[in-house]
Amino acid sequence: MRLLVVAVGQRVPDWAATAWDDYAKRFPPELRVELKAVKTEPRGSRTVEQLQAAERARIEAAIPRGARVVALDERGTALTTAALAARLKDWQLEAADVVLAIGGPDGLAPAFRTAAHERIRLSDLTLPHAMVRVLLVEQLYRAWSINAGHPYHRE
């Protein structure tokens with residue numbers, strides 16, 4: 001199974017790229033974690049709806065056929081780490097790739113959020129996009145470690 005994080009925005013600080021790489025390499029071969037960064041639409045004089053639509057098209061182009069789509073959205077379901085571990089276990093039983101989509105500066109298009117199989121939120125706080133990537137991969141690793149009985153997670 002593969003967890004594919006599709007994130008709008010191609011530039012992140014070195015610390016975020018280093019942190020992503022550190023966590024991503026910790027996953028076992030049967031649970032690969034990959035990042036696909038897609039271009040942010042240039043802001044210019046376009047409306048938010050136009051920007052979101054262009055970014056939505058890029059996100060959708062990166063989603064493999066048959067994948068389960070999870071939108072990261074501030075209006076999504078709040079999960080504890082234990083609940084995320086349970087979701088991860090369910091996703092692994094389904095055996096399909098899972099795409100976790102992170103929107104751009106204006107968020108994900110409403111139609112994309114609605115069409116997603118599920119919507120989750122990482123925090124009630126507004127977080128920088130680079131931080132969201134790091135927080136997400138760390139929590140996915142922690143969820144895996146709970147399910148695997150690995151000592152990384154301690155309550």
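**Aromatic residues and the core**

Analyst: Tyr23, Phe27, Tyr141 and Trp144 form one aromatic cluster. The model is a predicted one.

User: Why is the pair of Tyr23 and Tyr141 called tilted?

Analyst: The ring centres of Tyr23 and Tyr141 are 6.2 Å apart, and the planes stand at 50 degrees. Tyr23 lies in helix H1 and Tyr141 in helix H5, 118 residues apart.

User: What makes the pair of Phe27 and Tyr141 edge-to-face?

Analyst: Here the planes are at 80 degrees and the centres 5.6 Å apart. An angle over 60 degrees counts as edge-to-face, so that is the name for Phe27 and Tyr141. Phe27 sits in the loop between H1 and strand E2.

User: How do you know whether Phe27 and Tyr141 are buried or exposed?

Analyst: Phe27 has a relative accessible area of 8%, and Tyr141 has 5%. Buried means under 20%, so Phe27 is buried, and so is Tyr141.

User: Why is the charged end of Arg26 said to sit over the ring of Tyr141?

Analyst: The charged end of Arg26 is 5.4 Å from the centre of that ring. The distance limit is 6 Å, and the charge must also lie within 35 degrees of the ring normal.

User: Which residues have the most contacts inside the largest nonpolar core?

Analyst: Phe27 is one of them, and others include Leu3, Trp91 and Leu100. The core has 27 residues, and H5 gives the most, with 7.

Definitions and conventions
Residues are numbered from 1 along each chain as its sequence is written. This is a predicted model: local features need pLDDT of at least 70, side-chain atom pairs count only at pLDDT 80 or more; totals for chains, interfaces and linings use all residues. Side-chain values use heavy atoms; hydrogens and water are left out. A nonpolar core is a set of buried Ala, Val, Leu, Ile, Met, Phe, Trp, Tyr and Cys residues joined through side-chain atoms within 4.5 Å. Buried means under 20% relative accessible area, exposed over 50%, partly exposed in between (1.4 Å probe, protein chains only). Helices (H or I, at least four residues) and strands (E, at least two) are DSSP runs, numbered from the N terminus. Rings of Phe, Tyr and Trp (its six-membered ring) pair if their centres lie within 6.5 Å; planes under 30 degrees apart count as stacked, over 60 as edge-to-face and the rest as tilted.
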